[in-house]
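Let's take a friendly walk through this model together, with an eye on helix packing, the ligand site and a couple of backbone details.

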Amino acid sequence: MPLPRVIATRKLPAPVEERLRTNFTVALNEDDTPFTPGRLAEALRQADGVLCAVTDRMSADLLGTEGLQTRVLANFGVGVNNIDLAAAEKAGIAVGNTPDVLTDATADLAIALMLAATRRMYETEKMLREGRWQGFSLTAQLGMGLSGKTIGIVGMGRIGQATARRAALGFGMKVIYYNRSPLRVTLDFPAERRETIEEVMAEADVVSLHIPGGGENRGRISAAMIAAMKPTAYLVNTARGDVVEEPALIAALAEGRIAGAGLDVFAEEPKVPAELIALDNVTLLPHIGSATLETRTAMGMLAVDNLEAFFAGKPMPARVV
Ligand code: 8YV
């Protein structure tokens, strides 16, 4: 039997590419140039499976085209907001993702952003590098301590829980959270549920976002919700940029209506609004939540597990559609 044809839209960690070469007839993306919509359409016409990523917008238009060869999309990432799932389902295309293996790396980065924001790391490092440090001061550059403060988790899934656990057990923070449905797991640290996102936003000293992007979550963290935050509070986003009304967040930061933010994701990546770049009270990272060698390798391996299982007629280990 000929090997299934797979196209990988992005450059992958070496061991993942090696496994793809062994088990599939594969086209790799050696120079890592992101696919245009035209190139994606071509891939869907040519390959039995496409290993795609957050940068590939698999729209209803693309997936609704007649005569597609592709039967499975193996998304490299847990978030699948880049894929129109209803269109995939309608077209009979299976979709897999990569949950769990990136939970710790992403929670670590949420904590890093919380520390960066509350300890004013960007602002103070910039001052130092620009030669503006006048010398040690007992009263300048003071940030906010975390022990005894409240972290508000919006979306208490795997990554939300891992972030909350670090905050509770590592930093002595009180945890409050919003989750659409009651948790089905027993937490091994104290945490109180709130009925609404607004309550979490109003009560927390640090709000950390962990809800999926796209669909009904677009703009979910609205201007009104941001306005409900304490002026001393911080917002951390390692989820998706589009869940926040970005202009409202920028205005709140610029006007000092909240103390600061740590952002790893943006509404229209890789575009980052100039107004955000100009602000001192926000740390900005280029979507590196899962960017460790170990995690990206494990994500790639899980994406390949999904492809192999699909083509062997077995249940995919992580199937969304
Ligand atoms: C991935 C992510 O690196 O998994 C996710 O949802 O946001 C990132 O950690 C990205 O999706 C790569 O496609």
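Helices (H or I, at least four residues) and strands (E, at least two) are DSSP runs, numbered from the N terminus. With that naming, R120 lies in the loop between α5 and α6 (121-129). The model is predicted, so local features need pLDDT of at least 70 and side-chain atom pairs count only at pLDDT 80 or more, while totals for chains, interfaces and linings use all residues. Residues are numbered from 1 along each chain as its sequence is written, and side-chain values use heavy atoms, with hydrogens and water left out.

**Backbone details**

Most residues other than glycine have a negative phi, and most peptide bonds are trans. R120, a residue other than glycine, has a positive phi near 55 degrees. The peptide bond from E269 to P270 is cis, its omega being near 5 degrees. P270 sits in the loop between β11 (260-263) and α11 (274-277).

**Two helix pairs**

Two packed helices are described by the angle between their axes and the distance between the axes. Here, axes are lines fitted to C-alpha atoms, for helices over the stretch in contact, and angles run from 0 to 180 degrees between N-to-C directions.

Helix α1 (residues 14-23) and helix α12 (residues 293-311) have axes that come within 9 Å and cross at roughly 20 degrees. That angle makes α1 roughly parallel to α12 (angles under 35 degrees count as roughly parallel, over 145 as roughly antiparallel, 65 to 115 as roughly perpendicular and the rest as oblique). The crossing of α1 and α12 is right-handed, meaning that the near helix is turned clockwise from the far one by less than a right angle. From α1, the contact (heavy atoms within 4.5 Å) involves P15, V16, R19, L20 and N23, and from α12 it involves T297, G300, M301, V304, D305, L307 and E308.

R19 belongs to helix α1. Leaving out residues up to four places away in sequence, R19 touches M301, V304, D305 and E308. The side chains of R19 and E308 are joined by a polar contact of 3.1 Å.

Now for the second pair: the axes of helix α5 (residues 103-118) and helix α7 (residues 158-171) come within 8 Å and cross at roughly 50 degrees. This makes α5 oblique to α7, and their crossing is right-handed. Among the residues in contact are T103, A107 and I111 of α5 and I159, A162 and F171 of α7.

**The ligand site**

Which residues are around the ligand? They are A53, V54, F76, G77, V78, G79, L102, R240, H287, S290, R296 and M299, each with a heavy atom within 4 Å of the ligand.

Methods
A polar contact is a pair of N or O atoms within 3.5 Å; within protein, one must be able to donate a hydrogen and the other to accept it, and residues adjacent in sequence count only if both atoms are side-chain atoms.
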